[in-house]
Amino acid sequence: MQERRRERLDRGVKVRSDTIYAVSSAKEILFLVGPGLALVTVLLILPLILPPYWQKVLTIAGVYALLAVSFGFLANFVGLVNLGGAMFVGVGGYISGVLNSTLGLPPLLTIPIASVTGALLCTLLLLPCLPLRGVYFAVVSFIYPLATVMIISATGVWGGTDGIAGLNVLPNVWVNQYVIILVVLACMFALTRLVNHADIGLVFRGVKDNELAIRASALNVTWYKAQAVFISAAMGCFGGAYLTHLYGWVGMSLFAMDFSILPLAATVVGGTSTIYGPLVGAFLLVPISESLRSFGTLRIVFYSVVMVFCVVFWTEGIMNYLRRRYEQFERWVRV
Amino acid sequence: MELLIYGLINSISLVLMSIGFALAYGVSRVPNFAHGALYILSGYLTWIFLNRLQMPYVLAIIMSLLVAACIGAMLYRSILIRVRGMPISEIIASFGVGVAILELLRWFGLRGTTYMLPPFAKGMVYIGGVPVDLQRLIIVGAGIAVVALLWFFTHYTKIGLALRAIAQNERAAMVLGINADLVATISVALGSALAGLAAVLLLPLGNITVQTGYEVLIFAIAVSVCGGLGSWGGAVVASFLIGLAQITTVTYIASHYHLVVAMLTIILILILKPSGLFGRQKELEERV
């Protein structure tokens with residue numbers, strides 16, 4: 001029997017556009033910027049064409065996408081698995097909620113303040129486990145949101161189990177959608193630049209792959225890890241603060257498991273080792289999970305199963321698959 | 001006196017909860033984040049065997065322990081074995097399985113006070129003037145027995161020695177003809193069965209709820225991190241530390257701070273002695 005195998009070859013346009021000659025023709029330029037441009041256009045147009053219910057879903061998907069991107073950045077580029085993404089959301093949400101209800105600051109101020117101070121706080125809280133390798137970061141980050149919920153419900157601070165209601169809300173549905181979409185896009189752009197083109201991005205990747213090499217280069221691993229956690233936490237805290245002012249309410253549900261587990265699933269499904277993968281995964285999983293809303297917590301089972309399946313059997317993920325199909329073609333050759 | 005007795009009981013409960021996790025991590029280096037889920041699942045299965053299938057209590061317990069061990073072995077053979085050596089994937093996969101089991105149980109309606117296991121023995125005894133119910137005494141006895149048996153098992157049986165060999169130096173053990181995958185499967189299965197045993201012993205004190213599953217996982221992690229990941233002797237010492245600290249806060253400050261105490265202990269230990277109380281073995285690998 002004639003044996004055959006699949007051979008993958010780069011497409012001609014990919015080979016041409018890898019070099020400086022890409023700028024010589026419109027086709028190659030389109031090949032390079034096309035996918036990114038398409039993503040941006042789709043995200044910017046979606047709020048205009050969606051029906052009202054799905055506009056709400058879009059804002060939630062945006063928040064989850066932001067969390068997924070922040071998780072993916074830490075896991076894929078710095079090597080820290082954050083099992084407690086809900087901590088960032090909760091801290092950001094509570095800071096902006098408390099600032100708004102006690103000092104009466106408008107959302108325009110509370111959201112940035114919450115993002116920065118919340119990220120600082122989260123980084124400080126996670127600092128003790130940063131000098132260690134292995135599972136410590138995952139373990140400690142997993143405990144924080146659950147312990148915080150216990151503290152809030154036991155002491156009854158900040159409204160206890162009822163939360164704080166009656167906060168300022170964002171002005172209208174268009175602001176809601178475009179704020180989150182623009183922030184997601186800005187974060188994507190900044191992170192892509194950071195990990196691909198900045199020195200610190202190289203250090204982050206080094207921290208993931210070989211910490212000893214980073215130490216040997218006289219760089220302080222803990223300091224770089226702390227910076228990465230700060231960046232990731234700032235995105236998570238923004239998500240929390242945004243949610244607070246989206247609903248005008250802040251409560252313990254901001255520390256819920258959903259905020260930890262869906263970004264994880266989105267990252268794994270969307271494709272590891274890419275910045276865009278988590279975004280695509282989140283925009284795919286959140287609508288599915290919305291349509292499963294009537295099943296209650298079965299949704300979390302759904303993400304978990306999808307996540308385990310992808311991490312074990314389909315490690316490539318959507319984004320890496322699509323990129324391969326976009327840049328290469330396959331053919332069967334005789335061995 | 002009351003403080004001491006209840007602190008002791010609480011510590012032994014923590015030993016029971018965490019020893020399975022510490023054992024599996026110490027041997028196969030797989031952090032079994034499905035530990036809490038297996039704990040609750042065993043409790044639930046025992047309840048089903050007992051109330052739906054009308055089995056005798058002892059048979060129900062043995063059956064659910066066997067099922068827990070089988071699930072643990074399957075979890076390792078079908079999922080974890082494929083991602084060995086990739087810490088991120090190991091964590092995500094085992095955590096995903098755990099969350100899936102727990103949330104599936106929640107969906108089946110595992111909340112409220114419907115699901116309760118009967119205690120083994122009803123009644124009270126007075127120790128130094130402090131009332132202690134018999135179930136708690138059984139827990140203390142069982143905890144001591146489990147630790148003793150486990151020590152005997154890992155020091156004087158062939159499989160137990162193989163477990164320790166793999167934990168110390170996997171390559172050298174493989175050279176000596178120890179099947180690393182088989183041993184790791186046994187360790188995860190044993191860890192799961194120990195989680196089940198803890199569930200059967202401890203759950204009669206309260207209700208079977210999903211939240212308990214997450215808490216058990218946290219306690220197991222806290223104890224293992226404090227004792228030094230992978231050193232189950234350290235886990236026993238750390239259990240006493242955390243257990244006494246928890247009861248002290250309950251007595252002098254307020255209840256509901258179990259988790260916070262565990263959290264603070266982890267943070268303190270990580271700052272003071274990052275490899276845990278007794279985690280000398282892999283210290284160099286884990287510190288940067």
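Helix 4 (residues 85–103) of chain A comprises 19 residues and reaches 27 Å from its first C-alpha to its last, close to the 27 Å expected at 1.5 Å a residue. The expected span of a helix is taken as 1.5 Å times one less than its number of residues, and helices (H or I, at least four residues) and strands (E, at least two) are DSSP runs numbered from the N terminus. The structure is a predicted model, in which local features need pLDDT of at least 70 and side-chain atom pairs count only at pLDDT 80 or more, whereas totals for chains, interfaces and linings use all residues. Residues are numbered from 1 along each chain as its sequence is written, while chains are lettered from A and ligands numbered from 1 in the order in which they are written.

Helix 4 of chain A is mostly covered, with 16 of its 19 residues buried. A residue is buried if 20 or more other C-beta atoms lie within 10 Å of its own, exposed if 12 or fewer, and partly exposed in between, with C-beta atoms placed from the backbone. Just after this helix, Gly104(A) takes a positive phi of about 70°. A positive phi, near 60°, is also found in Ala218(A), a residue other than glycine. Most residues other than glycine have a negative phi. Ala218(A) lies in the loop between helix 9 and helix 10 of chain A. Ala218(A) is classed as exposed because 6 other C-beta atoms lie within 10 Å.

The predictor's confidence in each residue is expressed as pLDDT, from 0 to 100. Chain A averages a pLDDT of 84, and 99% of the residues score at least 70. Within chain A, confidence is lowest in strand 2 (residues 164–165), at a mean of 76, and highest in helix 10 (residues 221–247), at 89. Chain B averages a pLDDT of 79, with 89% of the residues scoring at least 70. Confidence in chain B is lowest in helix 12 (residues 283–286), at a mean of 48, and highest in helix 3 (residues 57–79), at 87. Where pLDDT is low, the predicted coordinates should not be read in detail. For the complex, the predictor gives an ipTM of 0.78 and a pTM of 0.84.

Strand pairing was examined in chain A, where two strands pair if DSSP finds at least two bridges between them. Strand 1 (residues 4–10) and strand 4 of chain A run antiparallel and are joined by seven bridges. Glu7(A) stands opposite Arg331(A) in strand 4 of chain A. Strand 4 (residues 328–334) of chain A is hardly covered, the count of buried residues among its seven residues being zero.

A nonpolar core is a set of buried Ala, Val, Leu, Ile, Met, Phe, Trp, Tyr and Cys residues joined through C-beta atoms within 7 Å. The largest such core has 198 residues, of which Val69(A) and Ala265(A) touch the most other members. Two residues are in contact if their C-beta atoms, placed from the backbone, lie within 7 Å. Apart from its neighbours within four places in sequence, Ala265(A) is in contact with Leu285(A), Tyr303(A), Val306(A) and Met307(A).

The contact between the chains takes 37 residues from chain A and 37 residues from chain B. On the side of chain A that touches chain B, helix 6 (136–155), helix 9 (211–216), helix 11 (258–270) and helix 13 (298–313) each supply at least two residues. Helix 6 of chain A gives the most to this side, with 10 residues. The residues of this side divide into 30 nonpolar, four polar and three charged; Ala, Val, Leu, Ile, Met, Phe, Trp, Tyr, Cys and Pro count as nonpolar, Asp, Glu, Lys and Arg as charged, and the others, Gly among them, as polar.

The secondary structure of chain B comprises 12 helices and two strands, in the sequence order α-α-α-α-β-β-α-α-α-α-α-α-α-α. Of the 288 residues in chain B, 52% are buried. Helix 4 (residues 87–107) of chain B has 21 residues and reaches 30 Å from its first C-alpha to its last, close to the 30 Å expected at 1.5 Å a residue; 18 of its 21 residues are buried. Val140(B) lies in helix 5 (residues 134–156) of chain B and is partly exposed, with 16 other C-beta atoms within 10 Å. Leaving aside neighbours within four places in sequence, Val140(B) is in contact with Ile9(B) and Ile12(B).
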